[in-house]
Amino acid sequence: MPLTHLQIKELLDENRFHDCNGVGKDKICVRIAAIAELPSRFGKFQVVAFWNNRDGKEHAAFVHGDVTGFSDVPVRLHSECLTGDAIGSLRCDCRDQLETALSTIGKMENGILLYLRQEGRGIGFLNKIRAYGLQDHGLDTVEANLALGFRDDERDYSVAAHMLHSLKVKSVRLMTNNPKKIGGLESIGVKVSGRIPLIMPPNQYNRFYLETKMEKSGHLLDTLGMERLAEQIDRPVREGMSPEQAEVIQD
Ligand SMILES: [Zn+2]
Ligand SMILES: [Zn+2]
């Protein structure tokens, strides 16, 4: 059962004037501003629109099934990538990651995809495109990565933690291939009861690799043979990858 009209009304009423001490070092605080049905090609979802009342950013939770008051809810964190998610850019594999996560959750009893508005690891769209431009003009991946900036993990977790708290999720099974990331959420009060590996089907994943041997050595190439910048917090593993290979593609 998804959120009922009554539950939606209660959540909206509670959140209308919500203001708390905030989560993490940036004291992030978000409010649920609106909730609506969202049937999608990946299954039935409800979309929960959040407003960050510190910096005005809008975040989204895509909720499948019953999650409010529930434990062990599957949760995937996805950072916004306009070029990948919306346009299907092949400079990254964000869209495949997003689709894999949504279709996985859509087939489960319940689950949440938190869509975090932190384009380009939180440095914003402009700076991400600047980094792309630098790479086009010969900067190597390491330099471009520096230009792209490093993700502020804590900020990411703070928004996610508050969103889960607002949705009254008691504990989560984090959809991640990087066990190190679990500690980040737990350190700010989210109970992580388990981990679900995110596995991408081989065909979809193959599109992004020129050769299997490159993939196995951990070099992630785009269709032009350039090494891609990692834009998401953790990478899905390809079906059939060994644990060692899966580890290599994580940061
Ligand atoms: Zn708050
Ligand atoms: Zn991307």
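Trainee: In which sense do strands β4 and β5 pair, and over how many bridges?

Mentor: First, the general idea: helices (H or I, at least four residues) and strands (E, at least two) are DSSP runs, numbered from the N terminus. Two strands pair if DSSP finds at least two bridges between them. Here, β4 (residues 73–79) pairs with β5 in the parallel sense, over 5 bridges. As one landmark, histidine 78 stands opposite tyrosine 115 in β5.

Trainee: What should I keep in mind about the model and its numbering?

Mentor: This is a predicted model, in which local features need pLDDT of at least 70 and side-chain atom pairs count only at pLDDT 80 or more, while totals for chains, interfaces and linings use all residues. Residues are numbered from 1 along each chain as its sequence is written, chains are lettered from A and ligands numbered from 1 in the order in which they are written, and side-chain values use heavy atoms, with hydrogens and water left out.

Trainee: What is the order of the strands in the open sheet?

Mentor: The 7 strands follow the order β1-β2-β3-β5-β4-β6-β7, and the pairing is mixed. At the edges are β1 (30–40) and β7 (192–196), each pairing on one side only. From one strand to the next, the twist averages 25°; axes are lines fitted to C-alpha atoms, for helices over the stretch in contact, and angles run from 0 to 180 degrees between N-to-C directions.

Trainee: How do β1, β2 and β3 pair?

Mentor: Start with β1 and β2, which run antiparallel and are joined by 10 bridges. A hairpin links the two through 2 residues, and proline 39 stands opposite lysine 44 in β2. Next, β2 (residues 43–52) pairs with β3 in the antiparallel sense over 6 bridges. In that pairing valine 47 faces phenylalanine 62, and glutamine 46 has valine 63 as its bridge partner. The hairpin of β2 and β3 has 5 residues between the strands, and glycine 56 there takes a positive phi near 80°.

Trainee: Is strand β3 mostly covered or uncovered?

Mentor: Buried means under 20% relative accessible area, exposed over 50%, and partly exposed in between (1.4 Å probe, protein chains only). Strand β3 (residues 58–64) is mostly covered, with 6 of its 7 residues buried. On to its pairing with β5 (residues 111–116): these strands run antiparallel and are joined by 5 bridges, where alanine 61 has leucine 114 as its partner.

Trainee: Which residues touch the most other members of the largest nonpolar core?

Mentor: In soluble globular proteins, nonpolar side chains tend to be buried together. A nonpolar core is a set of buried Ala, Val, Leu, Ile, Met, Phe, Trp, Tyr and Cys residues joined through side-chain atoms within 4.5 Å. The largest one here has 33 residues, and Ala61, Val75, Ile112, Leu114 and Leu167 touch the most other members. Helix α6 gives the most to this core, with 6 residues. Apart from it lies another core, of 13 residues, among them Leu98, Leu113, Tyr115 and Met175.
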